[in-house]
Amino acid sequence: MYGSEEQHLTDGRAVRILDPGTLNTGSGPDFFNAKIVMDGCEWAGNVELHLKASDWWRHGHHRDPAYDNIILHVVADDDASPVRSDGSPIPQLIFPLTPTMQACYRRLTESSKNPPAMPCALMLSSVDRIYLDDVIVSACRQRMQEKRDAVIKTVRTTGGDWSKAVLCAVARSLGFGVNSEPLERLALSLDLMACEGHSDDLRQLEAILYGQANLLAGDAADEYQASLQREYEFLKRKYSMRPMPEALWLTGRVRPANSPYRRIALLALLLRNSRSLLSKILSAGKDIDALRELFTLSLEGYWSIHTGFGKVSRRPASTLSREAADVIIINAVVPVYMAYGYYTGDVETVEQAQELLEALPAEKNRLVRDWADAGVRASTAEESQGLIQIRKRYCDARDCLRCRLGHRMLRRSCVPVDVAGKAVR
C-alpha cells in the first residue's frame with residue numbers, strides 16, 4: 001500500500017504513503033508516527049484502520065482527544081465520514097479487501113458459539129516457519145521481561161530484600177496458576193527472620209505459614225490443626241504477625257495434589273531446607289540437575305496422607321515431580337536470574353537465564369497442547385513460553401489484529417492497489 005506513486009482519498013485529493021509508522025500493540029491509534037504527502041505537504045502523525053468507516057463513530061473516537069492527531073483513516077467500506085473531537089474532518093482512504101481477506105478478518109474477529117482456542121488455528125499453516133519462530137522468540141522475550149520486572153518490583157517494595165523477592169517468585173510458581181497469587185501474597189507476608197529462627201522445627205514453620213494463610217481459624221478438624229493453632233497464637237504475638245485474607249484461596253475443583261494446603265506444606269519444606277535460597281539458586285548457575293535437586297521436595301508426616309486438615313488422602317506420599325521442578329525453574333529461577341543480572345549489571349547471569357530456557361524441555365499444559373493441535377509444537381521452554389504469551393496476550397483477549405501472526409495473515413490475503421486506490425486484478 002505504501003511506497004506507491006499516488007493514491008486518492010475519498011474526497012478526491014491525492015495522497016502518497018511515505019511511511020506506515022509503527023504498529024501499536026496497546027490502546028490508542030493503530031499506527032504511530034506515520035508519514036504521508038498530501039496537498040503538497042508532508043504530514044506526520046497517527047493512522048487508524050477500520051473495516052467500516054462508521055466504526056470510527058461506533059468506537060467513540062470522535063469524542064476522544066487521543067485520536068485528534070490522526071492524519072489518515074484507512075477503511076474498506078466508506079459508509080461514514082470521520083471527524084476529530086473538534087469537528088474537523090479526517091482524510092480517509094479506501095483500501096479494498098479481497099473476499100479472501102474479508103474471510104480472514106471475520107475468522108479472526110467474529111465470535112461463534114464454539115470458538116476455537118486460537119481463532120487463527122486453521123490458518124497457521126500459511127505462516128512461514130522462520131517468521132513464526134521469530135514471533136515465538138519475541139513473545140518469550142516479552143514474557144520473561146514482564147516476569148523479570150515483577151521480581152524487581154518486589155525487591156523495591158520490600159526495601160531491597162532479594163531473599164523475599166526470590167521466595168515470592170518461587171511461591172507464585174508453586175501455585176501452578178490456580179493459587180499463584182495467594183501463595184505469592186503469603187510469601188510476602190512472612191517474617192523471614194522468624195521463619196529462619198524456627199527452621200529446625202517443621203511443625204512451627206507450618207504453624208507460621210498456615211496461620212499467615214488464615215487457614216487455621218475456626219474449630220480444629222483434628223489434633224494436628226489444634227496444635228498448629230496453639231503454636232501460631234504464640235508466634236503471632238511474639239513476632240506481631242498479621243494473617244492474610246482467607247477468601248483468597250481457591251479450593252473448589254482443585255486436584256488433591258494441587259490443594260493450597262499441600263502447596264503450603266511444600267513451601268514450608270523449602271524454607272526448612274534452604275536457609276539462603278538466593279545464594280543456592282545463583283550458585284547452581286545453569287546446572288539444571290542442581291536446580292532440579294533444589295526443588296525436589298517430598299511431603300512427609302501429616303501431609304503425606306492429608307489434602308487438608310482432617311481430610312485423609314487415598315494417595316501415598318507425593319514428591320514434586322521433575323516436570324513440576326522444571327516449571328519452577330522456568331517461571332521463578334529464570335526471571336530471578338534475569339532480574340538479578342539486570343539489577344546488578346551481571347551479563348553472565350542474564351545469559352544463564354537464556355541458556356536455561358533453551359535447554360529445558362517445553363512445559364506440558366493445556367495451552368501448549370492447544371498449539372500442538374494447531375500444528376505448532378514446542379520443544380524447548382523458550383518456545384512454550386512464547387506460545388503461552390501469545391495465547392494469553394492476544395488469543396484469549398481476541399485481540400488478533402494486534403498480534404503479529406494475525407497481522408501477517410491479513411497482509412498475505414490482501415492485494416496490491418494501483419495509483420487510483422483500486423485493486424489490481
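1. A cavity here is a set of grid points where a 1.4 Å probe fits but cannot get out, and its lining residues have an atom within 4 Å of a point. The model is predicted. A search of the whole structure gives two cavities of 30 Å³ or more.

2. Take the largest cavity first. Its space comes to about 50 Å³. The lining consists of Leu-108, Pro-119, Cys-120, Ile-390, Tyr-394, Cys-395, Cys-400, Cys-403, Leu-405 and Gly-406. Nine of the lining residues are nonpolar, one is polar and none is charged.

3. Which helix gives the most to the lining of the largest cavity? Helix 15 does, with three residues. Helix 15 (381–395) and helix 16 (404–412) each supply at least two residues of that lining.

4. The second largest cavity holds about 40 Å³ of space. Its lining is made up of Leu-202, Glu-206, Ala-265, Leu-269, Leu-299, Glu-300 and Trp-303. Two elements give two or more residues to this lining: helix 7 (202–212) and helix 9 (260–273). By class, the lining has five nonpolar, no polar and two charged residues.

5. Now the salt bridges. The structure holds 19 of them. Arg-366, Asp-370, Arg-391 and Asp-396 are linked in a salt-bridge network.

6. Arg-408 and Asp-128 form a salt bridge, with 3.8 Å between the closest N and O atoms. Arg-408 lies in helix 16, whereas Asp-128 is in the loop between helix 2 (99–109) and helix 3 (129–157), so the pair ties together parts that are 280 residues apart in sequence. Arg-408 is partly exposed, at 23% relative accessible area. Asp-128 is also partly exposed, at 36%.

7. Asp-55 is buried, at 8%, which falls under the 20% limit.

8. Glu-233 and Lys-236 form another salt bridge, their closest N and O atoms being 3.6 Å apart. The two are three residues apart in helix 8 (residues 223–239), so about one helical turn separates them. Glu-233 is partly exposed, at 35% relative accessibility. Lys-236 is partly exposed too, with a relative accessible area of 24%.

Conventions
Residues numbered from 1 in each chain as written. Predicted model: local features only at pLDDT ≥ 70, side-chain atom pairs only at ≥ 80, totals over all residues. Heavy atoms only, no water. 1 Å grid on protein atoms, 1.4 Å probe; cavity = no way out; pocket = protein on both sides within 12 Å on 5 of 7 lines; lining within 4 Å. Points joined across faces, edges and corners; volume = space filled by probe spheres on them. Helix = DSSP H or I, 4+ residues; strand = E, 2+ residues; numbered from the N terminus. Nonpolar A, V, L, I, M, F, W, Y, C, P; charged D, E, K, R; others polar. Salt bridge = Lys/Arg side-chain N within 4 Å of Asp/Glu carboxyl O. Buried < 20%, exposed > 50% of the residue type's maximum accessible area, 1.4 Å probe, protein only.
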